[in-house]
Amino acid sequence: MKKLVVLLLGLACLVLPTVAAAHPLGNFTVNRFSRIEVSGPRLYVVYVLDLAEIPTFQAGTIDARSYARRIARGVEVTVNGRPARLVSGSTALAHPPGAGGLRTTRLEVVLRGPRLRGPSSLSYHDANYADRIGWKEIVVGANAQSISHELRAYPKDLLQSPLDVTSVVARVGPVAGADVPPPLTRGPNLQAPDRVADAGFARLIGRDHLGAWVVLASLAAALFWGATHALGPGHGKTIITAYLVGRRGTPRHAAFLGLIVTVTHTIGVFALGLVTLLLSRFVVPDHLYPWLNLTSGLLVVGIGASVLTARWRHRHAHAHHHHDEHEISARSLLAVGVSGGLLPCPSALVVLLAAISLHRIAFGLLLIVAFSAGLALAITGIGLFAVLAKRAFARVSFDGRVIAFLPAVSSLVIVVVGLAMTVHALPEVR
Amino acid sequence: MRKLALALLAVAGASALAVGLATRGSGPAAATASSHREAPLISEDPTADNTDTYAFRSPDKPATVTIISNWIPAEDPAAGPNWYTFSPTARYDIYADKNGDGKPDVTWYFRFKTGGPTAFLGNTQQTYTVTRVENGKSRVVGSGLLTPPDNIGPRSTPDYHALAAAQVHQLDDGATVFAGQRDDGFFADVGAVFDLVAIRNGTGATGGGKDFLAGYAVHAIALQVPLTQLDNGSNHVVGIWSGTDRPKVTVAVKKNRVKKTTQWAQVSRLGNPLINELLIPTQLKDKWNASTPDKDKQFMQYYSNSILAQLLNKLYPQFGPFKETDRQDLVSVLGTGLQTPNLNYTGPTFADEIRLNLAIAPTAPVGNGNRLGVLGGDLAGYPNGRRLEDDVVDISERAVGGVLIGHSLPLGDGVDANDVPFMASFPYESDPFSGFDNTKGKDYPTHP
Amino acid sequence: MTRIRLSIAVGAAALTAAALLLGGALGGPGPKAAAPGLAAGVTDFRSTNTGAYVARLQEALGQRPDDVRGLGLLGLAYQQRARETGDPAYYTKSRGVLGRALRLAPRDLIATGALGSLALSQHRFREALALGRRARLLSPTTARTYGVSGDALVELGRYREAFAAFDEMARLRPSLAAYARISYARELRGDFGGAVAAMRLAQTAAIGEPEALAWTAVQLGKLYWSRGRLGAAAREYRDALRAFRGYVYAEDALAQVEAARGRLRTAITLEQRAVDGVPLPQFVAALGDLQRTAGDERAARHQYATIRVIQRLLVANGVKTDLETALFDVDHTIGLRHALAVARRAHAERPSIDGDDVLAWALARNGRCAEALSWSKRSLRLGTQDALKFFHRGAIERCLGRAGAARTWFTRALELNPHFSLLWAPVARTWAR
């Protein structure tokens, strides 16, 4: 159970990316929005300019008033066929943060238009920044909906191109009420926080870094997991051997054994990882992963089941095996160590495969090292402990029922995890 | 002992580093605009793309056969300043098979030249040469012939009809020829047909479709050939198809510059309508376009196991069941000609051609035949040859639906005729809309 | 017990390998019939009016969101839109719809190939190669897939294989795409006449497609420019701008011609337009250099600072290496040691002859001319007639004390194109004497 929790924790660490807040439409867009509205008898236009990182940099210091005047001049309005002038009024300027530590720009301007004598036909054309790419949106009406929330949250819909509306024709007329200029955004909302958070698809596409704390936490988890894993099946024999070594051997033997197991184990996983990488050159990773997941799921089930049945069959036969391991030479230690670590544990494989599926192969390998280090520490620690407390252990039997159950329970857990992986992998495979 | 351990550790560490470095390239990267050579990869080749092939006995001149071949799908007449022309480096082909072996017996090759490499300044008029190949011998039967310009508008190309009519020419082999921009005579609710064979209104036989190609143009080559040149004297059936070739190139320029004759590779071909669009799977389209009808046996399975029938079964089970496999009827009507009843059988060789029975006389002036052709009782229409007014979409849908095997349903796309009437005389396809007019896509009202 | 474990291990490895191969390369019965699922009534891609085409596809997919063919065509259309507008948002959208297409039909040819071309645009050349190969396995007779793998192979410096891929592409289906690649291959091998001939063929296969016409015209112009034929080059660039208004690559290239003719004002205006359209690092660098040459130091420094900004954004977007920015730093003597490190990393990503050349130049500017020499030789191993590469070689020879050889290389560079670089042609002239 603990293992499962640690496993999940480890995987969770892999999954959690941090968001790099780039301008969602692109770093060199100049995005424009106009809201045409009537207040009392007068026509107003609220104009919003959203400059991405590069245009913001190129602009240098922005004088809101002169920009407002320039915007007013760049807009062509006719009322009832006659050209009308827009005069710039109040402005609001902010520099929301963008990617790479750079700033973007949000400028809101109120443009004051002519008084309307009655229902009139209006034509509006925004010629500002005509040659620059970007979102161009015009809405008519104080309460009309803006798809982009006035350039605060660009939609992530794959089936929608960036809006490219620069002209609009409408009928407008005076409304009841006084001539009050429309308000601009004030305070923190001017920083358009939702736009940055709403990076949405950009986040999924993988513009993510692994924060340092995430890395450290994952490494610690892997270390811990490796250590607890040392108690599980597949290395149980090694523990007993370490105990045996403890009876006749030196701390050095114990340490050496632990090291051999770990190194072999790590190399085994690395080798499999290399094979995977090599094959990913010829086979697109996206198509590998479903099969890898399925295979590893089946492997895990198989190994868990085989160990479980082995344990079940031999649960009364422990006594016989002790006689075999009497000789302790460097060679036998090496053999035991290598054979103990040769088969990459399913759990390590899981870590590696999960890392691959998230395109974090290097990070996954690092986790394997940490895992193996934890394994080494645990095995060595137990071996050392056994050596140092050989007298105490001489009288304790490792054939106790609880101890015997532990590997069985672990193998059961492995089988369940394997089944879960298999079931999860099946739909992806075609 | 310790050294070995350290060595093993070092190996493990080194391999980790190596793998880590090796995987650097697999990290995610955002898009940057091109900084390496980015040649277009995804543009198609409209000026080499066959759209339709027609073959019929000319109603106004029954001793002749008219063959019309169209290129450039969805040619926008308002494409300026990038006007369409025939490509000056392509070769345009019309083939006739007289003995049913799938190989051409008479071939006409067309080569075009423009003022400059491309018609940037609205100079869309071209000169062309026609070469005829028969019995292994090739001769030039027309050279220096002119196409009309594209119909740009009343100021650049005033009185367009006269301009176009002036470019009907006689070839040395007795044929009449025209090449140039024409209104696209194909009519279909392409949106509904290709969108999973949707049928807009009921079974589609009551109108209500939208002619997506209304207003668009094509570039056409029209040939009017004396009947006797194509009649084999026995079963009187001739197979017609059309193709396009482009010059072969390799990275290494061949040293053999002495001959200087172009090596040609076929990039497009068309006999029966809608085959490449609806029957041939995506992964074989290039292969289809490069192969010749005599080798069509390799594609027979796609005629015999009709995907369209499967679709009809899925989408319209209320009209079903539609036979999905072993469609010998489709294989014969499209690949060998109909033997029973004996309409236009050319023999056992499976080849995709328009098969015209020259012994069957025309039944109506151009544009006035029964749009359902043979299925409407008009033996002068598709699949016996193909006339401009034949509604090949409806006919094909009904054929796939099983009309030839006793499952007759009035399937169709609801578009029954071209938006613009055809001309009564050669080259029959009417003048294109001018770039100035720019109306595209026409809705058809329903009718009982 | 050990034997059992060993056999389990071996079995597991074999099983995994088999599963990987099967899952990746083969898997499943015959080709999936995708033909009738066409959206918006167009059988293939049309780039006469990509905006309208995109809108039609979007509408059709709104009604039928699982139309694999439509999704694939839309993915392609978005990439074409990105080419036309320079707006990288379209790459994200392309990836999204293509990903969806592949989830619905993992062996869809169009979507696989389209993801390959997308990977190329994003400089993921190894991934593009894998996708191109996979597409080729799906259909060995489709020409386009060879273009994807061929392009990737070129950027990875594997020219023999790349040229073979281009040959196969042209054999299966001569087209604009094939001709353009044959032309590039010939240019790399130093065959100027052959390159021009092939690009002219490409031009005649691009009729009616504005962006393609503009692109081929610019490539032809650059071929002429590489031989110092300013008039011919300018004509092609103007044709490109007529075919596609505001084509930034034509504006940038024309700016170079105007600068070579001494018309700096015009050059600066043109380059500014290019930068406003798509601020590629090489455009911004060119603008800065032009302004400095015109005596406007302040403006030049501002452009150079903008390149810093672009570099930061590239890093923020996950692009750790960039050949062009490395070259910029080396050319302008900015942090040469760091630039060398960047150049090395960029070379690892892109070991083409351009990568070799930039690395050689970076090494040379850091005084490591012996090492630079071998890289410079590598960059010229195909026989490419490239004045800038010749100049770099000459500078390296000069650094190694071989004055005679250096002068030969400088002369060769200037004979090819006397205006090959705003920064370095004057230097070459001085050193050639």
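Start by selecting residues 8–34 of chain B: in this predicted model, pLDDT (the predictor's confidence in each residue, from 0 to 100) stays under 50 there. The model has 46 contacts (heavy atoms within 4.5 Å) beyond four places in sequence for this stretch. Where pLDDT is low, the predicted coordinates should not be read in detail.

Next, colour chain B by pLDDT. Its average is 84, and 82% of the residues score at least 70. Helices (H or I, at least four residues) and strands (E, at least two) are DSSP runs, numbered from the N terminus; chain B has 10 helices and 14 strands. Among these elements, helix 1 (residues 2–22) of chain B has the lowest mean pLDDT, 47, while strand 3 (residues 91–97) of chain B has the highest, 98.

Now move to chain C and select Leu74(C), Phe163(C), Leu188(C), Tyr237(C) and Tyr247(C). These touch the most other members of the largest nonpolar core, which has 124 residues. Such a core is a set of buried (under 20% relative accessible area, 1.4 Å probe, protein chains only) Ala, Val, Leu, Ile, Met, Phe, Trp, Tyr and Cys residues joined through side-chain atoms within 4.5 Å. Helix 11 (residues 210–226) of chain C gives this core its largest share, 10 residues.

Zoom in on Leu188(C). Leaving out residues up to four places away in sequence, its contacts include Val154(C), Tyr159(C) and Phe163(C).

Finally, return to chain B and pick Leu278(B), Ile354(B), Leu409(B) and Phe426(B), which belong to a second, separate core of 79 residues.

A note for your viewer: residues are numbered from 1 along each chain as its sequence is written, and chains are lettered from A and ligands numbered from 1 in the order in which they are written. Local features need pLDDT of at least 70, side-chain atom pairs count only at pLDDT 80 or more, totals for chains, interfaces and linings use all residues, and side-chain values use heavy atoms, with hydrogens and water left out.

Methods. Buried < 20%, exposed > 50% of the residue type's maximum accessible area, 1.4 Å probe, protein only.
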